Amino acid sequence: MTFRIALNFEDGATRFIDCNAGEKVLDAAYRNKINLPMDCSDGVCGTCKCRAEQGDYDLGDDYIDDALTAEEAEEGLVLTCQMVPSSDCVIAVPVPSSACKVKPADIAVELVAIERLSPHRVRVSIKATDAGLPAFLPGQYVNFAVPGSGGTQRSYSFSSAPGAEVATFLIRNIQGGRMGDYLGKRAATGDRLILNGPLGSFYLREPRRPMLMLAGGTGIAPILSMLEDLAAKGANGHAVRLLYGAHDAADLVEVERIEALAARIPGFTFATTCSGAGSDHPLTGHVTDHFGAADLNGGDADIYLCGPPEMVEAVRAHVASCGVTVANLYYEKFVPAQAEALAA
Ligand SMILES: Cc1cc2nc3c(=O)[nH]c(=O)nc-3n(C[C@H](O)[C@H](O)[C@H](O)COP(=O)(O)OP(=O)(O)OC[C@H]3O[C@@H](n4cnc5c(N)ncnc54)[C@H](O)[C@@H]3O)c2cc1C
Ligand code: FES
């Protein structure tokens, strides 16, 4: 038996390795040519300390308190030189991937569909060529090399569940944008695309408390991937609330899919809102107009927030103004790339 271990490095790069039953994570990583931080490998120095974000494991009993205290273990910290997984796990490694000789991989995929869902939204579907689709955690993104643009890269979050045969992305098609122009003018099914990743620290954690998900525009993409995962694996009985905002009703895409997910996730509710002036959508305004302190469960809540930078900052400020400290606020900003800076 083997377990799938996701090593999520400080810079967001993520590598998946197989760990044999009874094998220590440090040994499995080494076998996979990943040099995780370590010194003594005996549970004495604490150099290999990481955070287990998800999964079941044995901490080992051959380490000293100076290396890992009971409080640290209680918080989810682990010594990878001692830790033996008993399920798939996600481990946050507090150093950059380059320090462990890890480079996010380039993967060639095939474009299988480009669907215009609204004037400003395109759903892009890809499938594997020889190497398979990249493994990823729900919420993560990859960098696309935009075909015919001299190696320019753009980041896009998966909107599909990990492991699906066809992976999807939800892209705002910006006229005059590098990716916008490719999708609008040149893209054709059968195109070969190069992706690099997976990347990012915005991924679904083990559900331990009620979740509030806040999406602005195409920021719904990684949230959809998370919801697919919750539909498949359950939310451990916790409530999940989604607020999804866009400027125009036409850009509130994938709502039917969210309705279908609502039927599969017990305790999941959602609402959509439009911020465009004069909108006749049932809810209007920004997502911040539709939640407050009373929706934060006294702070025992995990917030997942994704959208344009201004929206993310507005929500963070709104949460801070609620006067409730939430357990976790995970967020991803869809920061527009500087074409020149990202050109190869
Ligand atoms: C981690 C991460 C994940 C992302 N995931 C997604 C995703 O899932 N879906 C998605 O649609 N986008 C996502 N983005 C944004 C995406 O990477 C691109 O920035 C965006 O698609 C524009 O690319 P482009 O090549 O079409 O335009 P560019 O060539 O980058 O820009 C062309 C012009 O449009 C302007 N511009 C770019 N973006 C915007 C904007 N949002 N509003 C107004 N003007 C803009 C630029 O300043 C420039 O003047 C993500 C960004 C990050 C950092
Ligand atoms: S490497 Fe020293 S405690 Fe793990």
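The domain bounds used below come from an automatic or database domain assignment. The model is a predicted one.

**Exercise 1.** State how the chain is divided into domains, and characterise the contact between domain 2 and domain 3.

*Solution.* 
Step 1. The chain is divided into domain 1 (2-100), domain 2 (105-200 + 337-342) and domain 3 (211-333).
Step 2. Taken over C-alpha atoms, the centres of domain 2 and domain 3 are separated by 24 Å.
Step 3. In the contact between these two domains, domain 2 takes part with 20 residues and domain 3 with 16 residues.
Step 4. The size of an interface is often given as the accessible area lost when the parts come together. For domain 2 and domain 3, this buried area is about 1400 Å², with 57% of it on carbon and sulfur atoms.

**Exercise 2.** Describe the largest pocket by volume, lining and origin of the lining residues.

*Solution.* 
Step 1. The volume of the largest pocket is about 1300 Å³.
Step 2. Its lining comprises 46 residues, and those closest to the centre are Arg172, Thr218, Pro308, Pro309 and Phe334.
Step 3. By class, this lining consists of 20 nonpolar, 17 polar and 9 charged residues.
Step 4. Domain 2 and domain 3 each contribute at least three residues to the lining of the largest pocket.
Step 5. The elements that each supply at least two lining residues include β12, α3 (178-186), β14 (211-216) and α6 (309-321).

**Exercise 3.** Which element gives the most to the lining of the second largest pocket?

*Solution.* 
Step 1. The second largest pocket holds about 580 Å³ of space.
Step 2. It is lined by 28 residues; Gln54, Asp88, Leu137, Asp229 and Lys233 lie nearest its centre.
Step 3. At least two lining residues come from each of β1 (2-9), β7 (89-93) and α4 (220-233).
Step 4. Of the elements, α4 gives the most, with 5 residues.
Step 5. The lining of the second largest pocket divides into 16 nonpolar, 5 polar and 7 charged residues.

**Exercise 4.** Is Glu165 buried or exposed? Locate Glu165 and identify its contacts.

*Solution.* 
Step 1. Glu165 lies in the loop between β11 (153-157) and β12 (166-172).
Step 2. The relative accessibility of Glu165 is 73%. Because exposed means over 50%, Glu165 counts as exposed.
Step 3. Not counting residues up to four places away in sequence, Glu165 touches Ile126, Lys127 and Leu133.
Step 4. Ile126 is 39 residues from Glu165 along the chain, and their C-alpha atoms are separated by 8.7 Å.

Definitions and conventions: Residues numbered from 1 in each chain as written. Chains lettered and ligands numbered in written order. Predicted model: local features only at pLDDT ≥ 70, side-chain atom pairs only at ≥ 80, totals over all residues. Heavy atoms only, no water. Helix = DSSP H or I, 4+ residues; strand = E, 2+ residues; numbered from the N terminus. Buried < 20%, exposed > 50% of the residue type's maximum accessible area, 1.4 Å probe, protein only. Contact = heavy atoms within 4.5 Å. 1 Å grid on protein atoms, 1.4 Å probe; cavity = no way out; pocket = protein on both sides within 12 Å on 5 of 7 lines; lining within 4 Å. Points joined across faces, edges and corners; volume = space filled by probe spheres on them. Nonpolar A, V, L, I, M, F, W, Y, C, P; charged D, E, K, R; others polar. Buried area = accessible area lost by both parts, 1.4 Å probe.
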